[in-house]
Amino acid sequence: MLSPGILDSRRPASPAKTAPSPAPAAAEPTAAEKLTEDIKMREKLLGFMCPYSPSLVHQNLAKARAKDSGAWLFTLPAFEKWRKTNATDDADATEGSRSNCLWLSGNLGAGKTMLIPRDVVASLLHQLCLQKDIGPLPWFLADNLAAMKKASSSKGDTSNGITTNAEEQHPDPIPVGNMIADFLSLQLRFDSVYICLDGLEECDDLVALFELLVRLTASSSPFRLAISARPQIVQSGIAVNIGCKDMVVDLEQHNGSDIRCYLETYTKNHACLADMIGEKALQEHVRLVAERSGGNFLAATAEAAELNRLTSKFDIKKHMDTPSTGFTRLFSHIWSQLDDQPPLHAILAKRIFYWLSVSRRALTLKELQQAVTIEPEEYRASQILDQEERVPPPSLIENVCVGFVRVDTDNDMVFTNPSALPFYFYQFNASFSAEAREYAAKCCAGFLNSEILSKGAFKSQKEFDQVDQKLPFSRYVSQYWGTHLTDFEEGDMQEIAEGLIGNVPLMDTMSQLLHVNRAAAGKQRRYDDFPSGFGGLHFGA
């Protein structure tokens, strides 16, 4: 071999050529390109953890929150002490006296979930934006914090450094998923790191979580916790030295002004109720109902709805003279409101709440719409499912659920208010949970008996997409039908399950739906991208 640049005498000479310049090095990706890749990777990782967008849940809560509600939290000594806690000094404090954990204690409907995403988080972000020399921010925080700083400089700051109008200081809710993804980078940029937890009642392993929180609060790291939970869980947390009694805020003791504002708005929006009460008596009426609610928004909602069903001022006065509904009776009171409708509306409302309480993941709006069309008493027979005329419209779903359910048609999502209401129905009402398990099992069995699913795997992308569009509930059923049938093994359900597992074409269809529509795939895979050998034996296991 000849060295580069020396002519080979065995070939005719050619005109001299300029030596080629080295190939340019690959261009470094721009900041925008890096950002795009980061976003794609973040979305993919979040997809593995939860196919249901946490950002949309966060934004729904932000929209549902009444303006200026919860501002009282920032005036409490416990909040101020927690906010100014010195991590080093707190680590040296004795167990049971540390102030780096703030508990927001309240029953269902006390406003826990509303306070955490809007008031506490917005307050902490406001503080972060005032820190100096923190370097470049993660992309999702930069614009929001700049807007907060601009708002506070143009309007002046409040005495405690927090503006009270959350809608103006934080117009665009920050995606929760992005906050979680950038948590590790944030703790390197700031002197303090805040962790806000909600929904501990739904935690699968509360003991393990408490063990983690004990280690966290006992460390010298600059962490601060804000946790909202039921009183029983708060007491358990205090007992194992997660925070102290002085750092517990009883929400229902402070909600009075917010509930009065809510009741005034509710009454004005219901003309008949406002006319019966009369303008002069409105303020006193609102005060009395707020007192009867005991500082609980759910109780206030139930009271107001009950008054709205009455027909005269005499009836209202008679109702107000009776003892208020205790929290233990609240669930049956709400259920009676759902039941006190035209029969078909009441049946639809029950089916909706059955599914919202028993589903193993959050159902999309389209999945829920189709799920409630299944006739549970006909679960042994083939049902016609792909008829759009059978699907209830979103407005009817909201109407029959009497204000406890809201749908987001743009994002194909369903929300309950309070958010934990279906969970509480299932946990604390034995007859309801038994009915819900039976209903879900029979719906899954009836759905699987549909002839359209028993023809074997779909042979083309077009055929697969058509069925996937006509049967949106098939995605959920392919993931959890075995779980629901196992939850209800009474009657002939065991025999039904064995028959379904023995239906080879059906199992092929379920395997295809399960694997092609996997949430962790990031996007829908090809119709034939599934293991052909996965069938009844695997589903049975």
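Are Trp335 and Tyr354 buried or exposed? Both residues are buried, where buried means under 20% relative accessible area, exposed means over 50%, and partly exposed lies in between (1.4 Å probe, protein chains only). The structure is a predicted model, in which local features need pLDDT of at least 70 and side-chain atom pairs count only at pLDDT 80 or more, while totals for chains, interfaces and linings use all residues. Residues are numbered from 1 along each chain as its sequence is written, and side-chain values use heavy atoms, with hydrogens and water left out. Helices (H or I, at least four residues) and strands (E, at least two) are DSSP runs, numbered from the N terminus.

**Aromatic pairs**

- The structure holds 20 aromatic pairs; rings of Phe, Tyr and Trp (its six-membered ring) pair if their centres lie within 6.5 Å, and planes under 30 degrees apart count as stacked, over 60 as edge-to-face and the rest as tilted.
- The ring centres of Trp335 and Tyr354 lie 6.3 Å apart and the planes stand at 40°, so this pair is tilted.
- Trp335 belongs to helix H17 (residues 327-339) and Tyr354 to helix H18 (residues 343-358), so the pair ties together parts that are 19 residues apart in sequence.
- Tyr354 also forms a tilted aromatic pair with Phe432, at 5.4 Å centre to centre and with 40° between the planes.
- This second pair links distant parts of the chain, since Tyr354 is in helix H18 and Phe432 is in helix H22 (residues 430-448), 78 residues apart.
- Tyr354 has a relative accessible area of 9% and is therefore buried; Phe432, at 3%, is likewise buried.
- Ring pairs join a cluster whose members include Trp335, Tyr354, Phe432, Tyr439 and Phe473.

**Cysteines**

- How many disulfides does the structure hold? The number is 0, a disulfide being a pair of cysteine sulfur atoms within 2.5 Å.
- The cysteine sulfur closest to that of Cys443 belongs to Cys444 and is 7.0 Å away, which is too far for a bond.
- Cys443 counts as buried because its relative accessibility is 0%, and Cys444 is buried with a relative accessible area of 0%.

**Packing of two helices**

- Two packed helices are described by the angle between their axes and the distance between the axes.
- Helix H15 (residues 297-308) packs with helix H16 (residues 313-320) at an angle of about 145°, and their axes are 10 Å apart; axes are lines fitted to C-alpha atoms, for helices over the stretch in contact, and angles run from 0 to 180 degrees between N-to-C directions.
- In H15, Glu303, Glu306 and Leu307 meet Ile316, His319 and Met320 of H16, contact meaning heavy atoms within 4.5 Å.
- The residues of this contact divide into 3 nonpolar, 1 polar and 2 charged; Ala, Val, Leu, Ile, Met, Phe, Trp, Tyr, Cys and Pro count as nonpolar, Asp, Glu, Lys and Arg as charged, and the others, Gly among them, as polar.

**A hairpin and its surroundings**

- Strand E5 (residues 405-408) pairs with strand E6 (residues 413-416) in the antiparallel sense over 4 bridges; two strands pair if DSSP finds at least two bridges between them.
- Val405 stands opposite Thr416 in E6.
- E5 and E6 form a hairpin with 4 residues between them.
- Asp412, in the loop between E5 and E6, has a positive phi of about 60° although it is not a glycine.
- At 22% relative accessibility, Asp412 counts as partly exposed.
- Val402 is found in the loop between helix H20 (394-400) and E5, and has a positive phi of about 40° although it is not a glycine.
- Val402 is partly exposed, with a relative accessible area of 32%.
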